Amino acid sequence: MWLSRRFNAGAQSAAESGVVTLSENGVTDASSSLPARNAGCYAPYGYCAAVPVGEEVLVINGASGAAVAGAKMRASSLEQGEIELRSRGGASIVLKNDGSVVINTLVIDKNGNIAEG
């Protein structure tokens, strides 16, 4: 209890929504009320993406400067527990709850068979 009060008392960080204004050559800038010039972008280990200009992102500001914590998800077509990877160009991979994988429109069932479609 005392530790959480002590930690929160010294916190100077904030988080808010922003929009990417520059994304090239490993440099990301985002527009928000927090200064986010040449911000680091963070994702789970193994994921790497260049967030396109115009995408909504979460900008966090801490002791070591601004960082982009992630882009806003658009998961309206997914069921709970499903995962989608997609590119700006339209390529996508969906891991479905039934064990199947959809690569663009190609469906591979959980046994590795290409489904009729």
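## Basis

This is a predicted model, in which local features need pLDDT of at least 70 and side-chain atom pairs count only at pLDDT 80 or more, while totals for chains, interfaces and linings use all residues. Residues are numbered from 1 along each chain as its sequence is written, and side-chain values use heavy atoms, with hydrogens and water left out.

## The open sheet

Strands are DSSP runs (E, at least two residues) numbered from the N terminus, and two of them pair if DSSP finds at least two bridges between them. An open sheet is formed by 4 strands in the order β6-β7-β8-β9, with antiparallel pairing. Its edge strands, β6 (83-86) and β9 (106-108), each pair on one side only. From one strand to the next the twist averages 15°, with axes taken as lines fitted to C-alpha atoms and angles running from 0 to 180 degrees between N-to-C directions.

Strand β8 (residues 101-103) runs antiparallel to β9 and is joined to it by 3 bridges. Val101 has Ile108 of β9 as its bridge partner.

## Pairing around β5

Strand β4 (residues 56-62) pairs with β5 in the antiparallel sense over 6 bridges, and a hairpin of 2 residues joins the two. Within this pairing, Val57 stands opposite Ala71 in β5.

β5 also pairs with strand β3 (residues 40-41); these run parallel and are joined by 2 bridges. Here Gly40 has Ala67 as its bridge partner in β5.

## Cysteines

With a disulfide defined as a pair of cysteine sulfur atoms within 2.5 Å, the count is 0. The sulfur of Cys41 is too far for a bond because the closest cysteine sulfur, in Cys48, is 9.3 Å away.

Accessibility is classed as buried (under 20% relative accessible area), exposed (over 50%) or partly exposed in between, using a 1.4 Å probe and protein chains only. Cys41 is partly exposed at 38%, whereas Cys48 is exposed at 80%.

## The largest pocket

β5 (65-71) and β6 each supply at least two lining residues. By class, the lining comprises 18 nonpolar, 2 polar and 7 charged residues, where Asp, Glu, Lys and Arg count as charged, Ala, Val, Leu, Ile, Met, Phe, Trp, Tyr, Cys and Pro as nonpolar, and the others, Gly among them, as polar.
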